[in-house]
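Open the model in your viewer and keep the sequence panel beside it. The stops below say what to select next and what is there.

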Amino acid sequence: MADLQLRDDVPAAADDGVWLACVECGETFAPFEAVRYTCDDCDGLLEVRYADLPTWDDFEGERSVWRYSDALPFDQGVSLPEGGTPLHRVPRLEESVGVDALRIKHEGMNPTGSFKDRGMTVGVRVAQEVGVDRLACASTGNTSAALAAYGARAGLETLVLLPAGKVAAGKVAQAALHGARILEVDGNFDRCLDIVQELAGRGEAYLLNSLNPFRLEGQKTIGLEMLEQFRDDYGEVPDRIVLPVGNAGNTAALYKCFRELVKAGALDAEEVPKLTGVQAEGAAPMVEAIEEGNDEVRRWEDVETIATAIRIGNPVNAPKALPGIRETGGTAVPVSDEAITEAQRDLAGEGVGVEPASAASVAGLRKLRERGGVDPDEQVVCLTTGHLLKDPDAAAAAGSDPEPVPDDADAVLDHLEG
(Lines give C-alpha, C1' and ligand atoms only; values in the text may rest on other atoms or scores of the structure.)
Protein backbone atom coordinates (compact mmCIF):
# COMPACT_ATOMS: atom_id res chain seq x y z
CA MET A 1 0.00 0.00 0.00
CA ALA A 2 1.57 3.29 -1.10
CA ASP A 3 2.03 5.91 1.61
CA LEU A 4 1.96 9.07 -0.57
CA GLN A 5 4.99 10.44 1.27
CA LEU A 6 3.84 9.89 4.85
CA ARG A 7 7.06 10.48 6.75
CA ASP A 8 8.58 9.89 10.17
CA ASP A 9 10.70 13.04 10.41
CA VAL A 10 8.99 16.23 11.56
CA PRO A 11 9.88 19.20 9.35
CA ALA A 12 10.89 22.61 10.66
CA ALA A 13 7.57 23.93 9.32
CA ALA A 14 5.59 21.90 11.86
CA ASP A 15 3.44 23.80 14.35
CA ASP A 16 2.73 21.77 17.49
CA GLY A 17 3.31 18.58 15.51
CA VAL A 18 1.08 19.56 12.57
CA TRP A 19 2.16 20.64 9.09
CA LEU A 20 1.09 20.70 5.45
CA ALA A 21 2.82 18.56 2.83
CA CYS A 22 2.52 18.59 -0.95
CA VAL A 23 1.48 15.20 -2.34
CA GLU A 24 3.34 15.95 -5.59
CA CYS A 25 6.77 17.30 -4.61
CA GLY A 26 6.88 16.71 -0.84
CA GLU A 27 7.47 20.36 0.11
CA THR A 28 6.25 21.20 3.61
CA PHE A 29 4.62 24.29 5.09
CA ALA A 30 3.53 25.60 8.46
CA PRO A 31 -0.22 24.97 8.78
CA PHE A 32 -1.53 28.33 9.99
CA GLU A 33 1.08 30.99 9.22
CA ALA A 34 -0.67 31.92 5.97
CA VAL A 35 -3.73 31.02 3.93
CA ARG A 36 -2.62 28.25 1.60
CA TYR A 37 -4.62 25.74 -0.46
CA THR A 38 -1.98 24.29 -2.80
CA CYS A 39 1.81 24.00 -2.92
CA ASP A 40 3.75 27.25 -3.37
CA ASP A 41 6.33 25.45 -5.49
CA CYS A 42 4.37 23.16 -7.84
CA ASP A 43 0.68 23.96 -7.18
CA GLY A 44 0.12 20.37 -6.08
CA LEU A 45 -2.54 19.37 -3.57
CA LEU A 46 -1.69 19.61 0.13
CA GLU A 47 -2.31 17.15 2.95
CA VAL A 48 -2.30 17.75 6.70
CA ARG A 49 0.38 15.66 8.44
CA TYR A 50 1.00 14.85 12.10
CA ALA A 51 4.05 13.99 14.18
CA ASP A 52 1.99 11.59 16.31
CA LEU A 53 -0.70 9.35 14.88
CA PRO A 54 -3.32 7.93 17.27
CA THR A 55 -4.47 4.34 17.71
CA TRP A 56 -7.95 3.12 18.64
CA ASP A 57 -7.20 3.43 22.36
CA ASP A 58 -6.71 7.19 21.98
CA PHE A 59 -10.30 7.86 20.97
CA GLU A 60 -12.64 8.69 23.83
CA GLY A 61 -16.12 10.07 24.37
CA GLU A 62 -19.36 9.69 22.47
CA ARG A 63 -19.28 9.12 18.74
CA SER A 64 -18.86 12.45 16.96
CA VAL A 65 -16.22 14.11 14.82
CA TRP A 66 -14.46 15.38 17.93
CA ARG A 67 -14.19 11.94 19.49
CA TYR A 68 -11.29 11.71 17.04
CA SER A 69 -9.59 14.97 18.02
CA ASP A 70 -6.24 13.19 18.43
CA ALA A 71 -6.35 12.65 14.66
CA LEU A 72 -7.27 16.29 13.95
CA PRO A 73 -5.47 19.66 14.13
CA PHE A 74 -7.50 20.90 17.13
CA ASP A 75 -9.19 19.55 20.21
CA GLN A 76 -12.49 21.16 19.22
CA GLY A 77 -13.95 22.96 16.23
CA VAL A 78 -16.94 25.14 15.40
CA SER A 79 -19.51 22.49 16.22
CA LEU A 80 -23.28 21.98 15.92
CA PRO A 81 -22.39 18.99 16.71
CA GLU A 82 -21.69 16.57 13.87
CA GLY A 83 -20.81 12.91 13.35
CA GLY A 84 -22.16 9.92 15.22
CA THR A 85 -24.25 8.93 12.19
CA PRO A 86 -25.92 5.49 12.01
CA LEU A 87 -24.57 2.39 10.31
CA HIS A 88 -27.86 0.86 9.20
CA ARG A 89 -28.66 -2.79 8.67
CA VAL A 90 -30.61 -3.37 5.44
CA PRO A 91 -31.41 -7.11 5.38
CA ARG A 92 -33.65 -7.12 2.29
CA LEU A 93 -31.12 -5.13 0.28
CA GLU A 94 -28.33 -7.32 1.57
CA GLU A 95 -30.15 -10.42 0.32
CA SER A 96 -31.13 -8.95 -3.06
CA VAL A 97 -27.64 -7.62 -3.80
CA GLY A 98 -26.13 -10.91 -2.68
CA VAL A 99 -23.25 -10.11 -0.33
CA ASP A 100 -22.32 -11.60 3.03
CA ALA A 101 -22.99 -8.32 4.86
CA LEU A 102 -24.23 -4.92 3.72
CA ARG A 103 -24.42 -1.86 5.95
CA ILE A 104 -25.37 1.72 5.05
CA LYS A 105 -23.40 4.57 6.61
CA HIS A 106 -26.00 7.34 6.50
CA GLU A 107 -24.21 10.70 6.55
CA GLY A 108 -27.49 12.44 5.81
CA MET A 109 -28.11 12.34 9.56
CA ASN A 110 -25.59 15.13 10.22
CA PRO A 111 -26.91 18.54 11.40
CA THR A 112 -27.44 20.08 7.94
CA GLY A 113 -28.22 16.73 6.33
CA SER A 114 -24.94 15.75 4.67
CA PHE A 115 -21.36 14.64 5.29
CA LYS A 116 -20.14 18.16 4.53
CA ASP A 117 -20.67 19.09 8.19
CA ARG A 118 -17.70 16.94 9.17
CA GLY A 119 -15.41 19.02 6.99
CA MET A 120 -16.87 22.35 7.98
CA THR A 121 -16.45 21.87 11.72
CA VAL A 122 -12.69 21.66 11.10
CA GLY A 123 -12.46 24.05 8.15
CA VAL A 124 -14.31 26.94 9.79
CA ARG A 125 -12.18 26.47 12.92
CA VAL A 126 -9.08 26.88 10.71
CA ALA A 127 -10.62 30.03 9.20
CA GLN A 128 -10.79 31.45 12.72
CA GLU A 129 -7.18 30.44 13.34
CA VAL A 130 -5.85 32.26 10.25
CA GLY A 131 -8.04 35.30 10.93
CA VAL A 132 -10.24 35.59 7.85
CA ASP A 133 -13.64 37.31 7.89
CA ARG A 134 -15.32 35.96 4.73
CA LEU A 135 -15.90 32.30 3.84
CA ALA A 136 -16.71 31.12 0.33
CA CYS A 137 -17.47 27.99 -1.64
CA ALA A 138 -18.75 26.73 -4.95
CA SER A 139 -21.47 24.17 -4.48
CA THR A 140 -23.89 21.71 -5.97
CA GLY A 141 -25.89 22.38 -2.79
CA ASN A 142 -24.68 20.44 0.24
CA THR A 143 -21.45 22.40 0.67
CA SER A 144 -23.35 25.69 0.59
CA ALA A 145 -25.83 24.50 3.22
CA ALA A 146 -23.09 23.31 5.55
CA LEU A 147 -20.85 26.33 5.06
CA ALA A 148 -23.76 28.70 5.64
CA ALA A 149 -24.69 26.96 8.90
CA TYR A 150 -21.15 26.75 10.27
CA GLY A 151 -20.33 30.25 9.07
CA ALA A 152 -23.39 31.51 10.92
CA ARG A 153 -22.33 29.61 14.02
CA ALA A 154 -18.91 31.27 13.85
CA GLY A 155 -20.34 34.72 13.08
CA LEU A 156 -18.52 34.97 9.74
CA GLU A 157 -19.77 36.29 6.41
CA THR A 158 -20.51 33.47 3.97
CA LEU A 159 -20.56 33.62 0.18
CA VAL A 160 -21.76 30.70 -1.97
CA LEU A 161 -21.65 30.39 -5.75
CA LEU A 162 -24.16 28.01 -7.29
CA PRO A 163 -24.77 26.93 -10.90
CA ALA A 164 -28.02 28.68 -11.83
CA GLY A 165 -30.99 26.33 -11.99
CA LYS A 166 -28.92 23.26 -11.11
CA VAL A 167 -29.22 23.07 -7.31
CA ALA A 168 -32.03 21.31 -5.45
CA ALA A 169 -34.45 23.67 -3.72
CA GLY A 170 -33.93 22.17 -0.27
CA LYS A 171 -30.24 23.00 -0.34
CA VAL A 172 -30.69 26.56 -1.61
CA ALA A 173 -33.27 27.14 1.13
CA GLN A 174 -30.82 26.02 3.81
CA ALA A 175 -28.08 28.35 2.62
CA ALA A 176 -30.55 31.24 2.37
CA LEU A 177 -32.02 30.75 5.84
CA HIS A 178 -28.59 30.53 7.45
CA GLY A 179 -27.80 33.94 5.98
CA ALA A 180 -25.35 33.19 3.18
CA ARG A 181 -25.06 35.50 0.19
CA ILE A 182 -26.08 33.30 -2.73
CA LEU A 183 -24.72 34.09 -6.19
CA GLU A 184 -26.16 32.07 -9.08
CA VAL A 185 -23.61 31.68 -11.85
CA ASP A 186 -24.46 31.18 -15.51
CA GLY A 187 -22.29 28.08 -15.71
CA ASN A 188 -21.79 24.65 -14.16
CA PHE A 189 -20.27 23.75 -10.78
CA ASP A 190 -16.75 23.58 -12.16
CA ARG A 191 -16.97 27.16 -13.42
CA CYS A 192 -18.26 28.23 -10.01
CA LEU A 193 -15.22 26.63 -8.41
CA ASP A 194 -12.91 28.35 -10.91
CA ILE A 195 -14.34 31.70 -9.81
CA VAL A 196 -14.15 30.94 -6.08
CA GLN A 197 -10.53 29.85 -6.49
CA GLU A 198 -9.76 33.13 -8.22
CA LEU A 199 -11.46 35.11 -5.44
CA ALA A 200 -9.51 33.13 -2.83
CA GLY A 201 -6.29 33.72 -4.74
CA ARG A 202 -6.94 37.45 -4.55
CA GLY A 203 -7.47 37.24 -0.81
CA GLU A 204 -11.16 38.14 -1.06
CA ALA A 205 -12.45 35.02 0.71
CA TYR A 206 -11.36 31.87 2.48
CA LEU A 207 -12.10 28.88 0.25
CA LEU A 208 -13.83 25.96 1.93
CA ASN A 209 -14.32 23.55 -0.92
CA SER A 210 -12.53 20.21 -0.59
CA LEU A 211 -9.48 21.69 -2.31
CA ASN A 212 -8.84 23.01 1.20
CA PRO A 213 -6.87 20.20 2.91
CA PHE A 214 -8.41 20.87 6.32
CA ARG A 215 -11.89 20.06 4.99
CA LEU A 216 -10.76 16.50 4.34
CA GLU A 217 -9.46 16.11 7.88
CA GLY A 218 -13.00 16.33 9.17
CA GLN A 219 -14.25 14.01 6.46
CA LYS A 220 -11.71 11.32 7.28
CA THR A 221 -13.58 10.78 10.56
CA ILE A 222 -16.25 9.03 8.46
CA GLY A 223 -13.70 6.23 8.06
CA LEU A 224 -12.71 6.14 11.72
CA GLU A 225 -16.30 6.06 12.88
CA MET A 226 -17.40 3.54 10.25
CA LEU A 227 -14.60 1.10 11.09
CA GLU A 228 -15.32 1.35 14.83
CA GLN A 229 -19.02 0.71 14.28
CA PHE A 230 -18.41 -2.20 11.93
CA ARG A 231 -15.87 -3.78 14.28
CA ASP A 232 -18.35 -3.49 17.15
CA ASP A 233 -20.84 -5.58 15.16
CA TYR A 234 -18.62 -7.98 13.23
CA GLY A 235 -15.27 -8.01 15.04
CA GLU A 236 -13.43 -6.93 11.88
CA VAL A 237 -13.36 -4.16 9.30
CA PRO A 238 -15.38 -4.33 6.04
CA ASP A 239 -13.84 -5.76 2.89
CA ARG A 240 -15.09 -2.89 0.73
CA ILE A 241 -16.46 0.63 1.01
CA VAL A 242 -18.58 1.88 -1.88
CA LEU A 243 -19.17 5.61 -2.14
CA PRO A 244 -20.49 8.25 -4.53
CA VAL A 245 -17.81 10.37 -6.22
CA GLY A 246 -18.19 14.02 -7.16
CA ASN A 247 -15.12 16.06 -6.28
CA ALA A 248 -13.58 12.86 -4.82
CA GLY A 249 -12.98 14.42 -1.42
CA ASN A 250 -14.39 11.51 0.56
CA THR A 251 -12.38 9.00 -1.45
CA ALA A 252 -9.21 10.96 -0.70
CA ALA A 253 -10.18 11.43 2.96
CA LEU A 254 -10.91 7.74 3.56
CA TYR A 255 -7.64 6.73 1.92
CA LYS A 256 -5.76 9.15 4.17
CA CYS A 257 -7.62 7.76 7.19
CA PHE A 258 -6.55 4.21 6.32
CA ARG A 259 -2.93 5.19 5.62
CA GLU A 260 -2.69 6.91 9.00
CA LEU A 261 -4.15 3.89 10.79
CA VAL A 262 -1.66 1.60 9.04
CA LYS A 263 1.21 3.95 9.86
CA ALA A 264 0.15 4.03 13.53
CA GLY A 265 -0.08 0.23 13.67
CA ALA A 266 -3.83 0.38 14.33
CA LEU A 267 -4.72 -1.42 11.08
CA ASP A 268 -2.89 -4.05 9.06
CA ALA A 269 -2.24 -3.10 5.44
CA GLU A 270 -3.95 -6.34 4.36
CA GLU A 271 -7.12 -5.26 6.21
CA VAL A 272 -7.60 -1.97 4.39
CA PRO A 273 -11.04 -1.91 2.72
CA LYS A 274 -11.22 -1.65 -1.06
CA LEU A 275 -12.31 1.87 -1.98
CA THR A 276 -14.86 1.68 -4.76
CA GLY A 277 -16.12 4.86 -6.40
CA VAL A 278 -19.46 5.31 -8.16
CA GLN A 279 -20.36 8.10 -10.57
CA ALA A 280 -23.40 8.85 -12.68
CA GLU A 281 -22.95 7.96 -16.33
CA GLY A 282 -23.43 11.60 -17.29
CA ALA A 283 -20.64 12.81 -14.97
CA ALA A 284 -17.99 10.09 -14.80
CA PRO A 285 -14.48 11.49 -15.38
CA MET A 286 -12.99 9.46 -12.50
CA VAL A 287 -14.45 6.24 -13.89
CA GLU A 288 -12.98 7.10 -17.28
CA ALA A 289 -9.51 7.54 -15.76
CA ILE A 290 -9.73 4.24 -13.83
CA GLU A 291 -11.00 2.27 -16.83
CA GLU A 292 -8.35 3.72 -19.17
CA GLY A 293 -5.51 3.46 -16.65
CA ASN A 294 -4.78 7.20 -16.75
CA ASP A 295 -2.93 9.02 -13.97
CA GLU A 296 -4.83 12.22 -14.69
CA VAL A 297 -8.55 12.87 -15.01
CA ARG A 298 -9.87 14.55 -18.14
CA ARG A 299 -12.22 17.43 -17.35
CA TRP A 300 -15.73 16.86 -18.67
CA GLU A 301 -17.14 20.20 -19.76
CA ASP A 302 -20.74 18.98 -20.09
CA VAL A 303 -22.18 16.91 -17.25
CA GLU A 304 -25.77 15.96 -16.50
CA THR A 305 -27.45 13.60 -14.03
CA ILE A 306 -30.39 13.46 -11.65
CA ALA A 307 -27.78 13.08 -8.89
CA THR A 308 -27.09 16.80 -8.57
CA ALA A 309 -24.63 16.43 -5.68
CA ILE A 310 -22.18 14.56 -7.95
CA ARG A 311 -22.84 16.54 -11.14
CA ILE A 312 -19.17 17.48 -11.36
CA GLY A 313 -16.87 17.21 -14.37
CA ASN A 314 -13.53 18.17 -12.83
CA PRO A 315 -12.91 16.35 -9.51
CA VAL A 316 -10.20 18.44 -7.86
CA ASN A 317 -9.15 15.69 -5.44
CA ALA A 318 -8.43 13.17 -8.20
CA PRO A 319 -4.64 13.19 -7.54
CA LYS A 320 -5.35 11.97 -4.00
CA ALA A 321 -8.33 9.77 -4.84
CA LEU A 322 -7.03 7.80 -7.82
CA PRO A 323 -4.19 6.25 -5.76
CA GLY A 324 -6.74 5.52 -3.03
CA ILE A 325 -8.84 3.42 -5.37
CA ARG A 326 -5.90 1.70 -7.03
CA GLU A 327 -3.73 1.04 -3.99
CA THR A 328 -6.59 -0.51 -2.00
CA GLY A 329 -7.57 -2.83 -4.86
CA GLY A 330 -10.82 -1.00 -5.50
CA THR A 331 -12.42 0.14 -8.72
CA ALA A 332 -14.87 2.71 -10.11
CA VAL A 333 -18.13 2.19 -11.96
CA PRO A 334 -20.71 4.39 -13.74
CA VAL A 335 -24.43 3.97 -13.15
CA SER A 336 -27.50 5.24 -14.97
CA ASP A 337 -29.97 7.71 -13.51
CA GLU A 338 -32.59 4.95 -13.69
CA ALA A 339 -30.42 2.67 -11.55
CA ILE A 340 -29.86 5.49 -9.07
CA THR A 341 -33.60 6.07 -8.69
CA GLU A 342 -34.23 2.34 -8.26
CA ALA A 343 -31.60 2.21 -5.50
CA GLN A 344 -33.12 5.29 -3.86
CA ARG A 345 -36.50 3.52 -3.75
CA ASP A 346 -34.93 0.33 -2.38
CA LEU A 347 -33.18 2.24 0.40
CA ALA A 348 -36.42 4.01 1.23
CA GLY A 349 -38.05 0.58 1.43
CA GLU A 350 -35.65 -0.17 4.29
CA GLY A 351 -36.53 3.14 5.96
CA VAL A 352 -33.31 4.88 4.85
CA GLY A 353 -34.17 8.14 3.08
CA VAL A 354 -31.41 9.57 0.87
CA GLU A 355 -31.01 12.00 -2.00
CA PRO A 356 -30.20 10.57 -5.47
CA ALA A 357 -26.40 10.99 -5.29
CA SER A 358 -26.33 8.95 -2.10
CA ALA A 359 -28.18 6.08 -3.73
CA ALA A 360 -25.47 5.88 -6.40
CA SER A 361 -23.34 3.83 -3.99
CA VAL A 362 -25.98 1.08 -3.77
CA ALA A 363 -26.61 1.23 -7.52
CA GLY A 364 -22.87 0.83 -8.11
CA LEU A 365 -22.58 -2.12 -5.74
CA ARG A 366 -25.51 -3.82 -7.45
CA LYS A 367 -23.90 -3.30 -10.89
CA LEU A 368 -20.56 -4.66 -9.71
CA ARG A 369 -22.24 -7.76 -8.24
CA GLU A 370 -24.01 -8.37 -11.53
CA ARG A 371 -20.70 -8.04 -13.41
CA GLY A 372 -18.80 -10.22 -10.95
CA GLY A 373 -16.65 -7.34 -9.69
CA VAL A 374 -17.74 -7.94 -6.08
CA ASP A 375 -17.69 -11.43 -4.58
CA PRO A 376 -20.72 -12.82 -2.71
CA ASP A 377 -18.68 -13.44 0.46
CA GLU A 378 -17.69 -9.77 0.82
CA GLN A 379 -18.71 -7.57 3.73
CA VAL A 380 -19.56 -4.14 2.34
CA VAL A 381 -20.42 -0.67 3.60
CA CYS A 382 -22.17 1.74 1.23
CA LEU A 383 -21.76 5.40 2.08
CA THR A 384 -24.84 7.57 1.60
CA THR A 385 -23.95 11.22 1.75
CA GLY A 386 -27.15 13.30 1.92
CA HIS A 387 -30.65 13.20 3.37
CA LEU A 388 -33.80 12.56 1.30
CA LEU A 389 -35.13 16.07 2.03
CA LYS A 390 -32.12 17.67 0.38
CA ASP A 391 -33.88 17.10 -2.95
CA PRO A 392 -37.62 16.88 -2.27
CA ASP A 393 -38.55 17.11 -5.95
CA ALA A 394 -36.48 14.03 -6.78
CA ALA A 395 -37.95 12.21 -3.79
CA ALA A 396 -41.49 13.05 -4.88
CA ALA A 397 -40.76 11.90 -8.43
CA ALA A 398 -39.32 8.59 -7.19
CA GLY A 399 -42.14 7.94 -4.73
CA SER A 400 -45.76 6.97 -5.16
CA ASP A 401 -48.45 9.46 -6.18
CA PRO A 402 -51.15 10.61 -3.75
CA GLU A 403 -54.55 8.99 -4.26
CA PRO A 404 -57.61 11.25 -4.01
CA VAL A 405 -60.53 9.83 -1.98
CA PRO A 406 -63.91 11.16 -0.77
CA ASP A 407 -64.20 12.49 2.78
CA ASP A 408 -65.91 9.37 4.08
CA ALA A 409 -64.51 6.36 5.97
CA ASP A 410 -66.54 3.80 3.99
CA ALA A 411 -65.43 5.37 0.74
CA VAL A 412 -61.81 5.17 1.92
CA LEU A 413 -62.21 1.46 2.69
CA ASP A 414 -63.87 0.87 -0.67
CA HIS A 415 -60.95 2.61 -2.35
CA LEU A 416 -58.39 0.52 -0.48
CA GLU A 417 -60.19 -2.74 -1.27
CA GLY A 418 -60.60 -1.76 -4.90
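Contact here means heavy atoms within 4.5 Å. The model is predicted, so local features need pLDDT of at least 70 and side-chain atom pairs count only at pLDDT 80 or more, while totals for chains, interfaces and linings use all residues. Residues are numbered from 1 along each chain as its sequence is written, and side-chain values use heavy atoms, with hydrogens and water left out. Helices (H or I, at least four residues) and strands (E, at least two) are DSSP runs, numbered from the N terminus.

**Stop 1: A253**

Select A253, which lies in helix α8 (residues 249–264). Is A253 buried or exposed? Buried means under 20% relative accessible area, exposed over 50%, and partly exposed in between (1.4 Å probe, protein chains only). A253 has a relative accessible area of 1%, so it is buried. Leaving aside neighbours within four places in sequence, A253 is in contact with L216, Q219 and K220.

**Stop 2: α10 and its crossing with α8**

K320 belongs to helix α10 (residues 318–327), where A318, K320, A321, L322, G324 and I325 are buried. Show what surrounds them: the buried residues of α10 pack against β3, α6 (213–219), α8, β11 (274–280) and α9 (285–292). After α10 comes G329, with a positive phi near 80 degrees.

Two packed helices are described by the angle between their axes and the distance between the axes. Axes are lines fitted to C-alpha atoms, for helices over the stretch in contact, and angles run from 0 to 180 degrees between N-to-C directions. For α8 and α10 the angle is about 60 degrees and the axes are 8 Å apart. That makes α8 oblique to α10. Angles under 35 degrees count as roughly parallel, over 145 as roughly antiparallel, 65 to 115 as roughly perpendicular, and the rest as oblique. α8 passes α10 in a left-handed crossing. A crossing is left-handed if the near helix is turned anticlockwise from the far one by less than a right angle, and right-handed if clockwise. To see the contact, select T251, A252 and Y255 in α8, which meet K320, A321, P323, G324, I325 and E327 in α10.

**Stop 3: α3 with two partners**

Move to α3 (142–154). With α2 (116–130), α3 packs at an angle of about 45 degrees, the axes being 9 Å apart. The two helices α2 and α3 are therefore oblique to each other, and their crossing is right-handed. On the α2 side, select K116, D117, M120, T121, V124 and Q128; on the α3 side, select N142, T143, A146, L147, Y150 and A154.

Next, display helix α4 (residues 169–177), which packs with α3 at an angle of about 20 degrees, with axes 8 Å apart. α3 and α4 are therefore roughly parallel to each other. α3 passes α4 in a left-handed crossing. The contact is formed by N142, S144, A145 and A148 of α3 with K171, Q174 and A175 of α4.

**Stop 4: the nonpolar cores**

A nonpolar core is a set of buried Ala, Val, Leu, Ile, Met, Phe, Trp, Tyr and Cys residues joined through side-chain atoms within 4.5 Å. Which residues touch the most other members of the largest nonpolar core? They are V124, L135, Y206 and F214, in a core of 54 residues. Among the elements that give two or more residues to this core are β1 (18–22), β6 (134–138), β7 (157–163) and α5 (189–201). Centre on F214: not counting residues up to four places away in sequence, F214 touches L20, P31, F32, V48, P73, G119, V122, V126 and Y206. A second, separate core of 29 residues includes V90, V97, I310 and A357.

**Stop 5: G353**

Select G353, in the loop between α11 (337–349) and α12 (356–371). G353 is buried, with a relative accessible area of 18%. Not counting residues up to four places away in sequence, G353 touches H106, G386, H387 and L388.

**Stop 6: the cysteines**

How many disulfides does the structure hold? It holds zero, a disulfide being a pair of cysteine sulfur atoms within 2.5 Å. For C42, the nearest cysteine sulfur is that of C22, 3.4 Å away. C42 counts as partly exposed, at 35% relative accessibility. For C382, the nearest cysteine sulfur is that of C257, 18 Å away. C382 counts as buried, at 0% relative accessibility.
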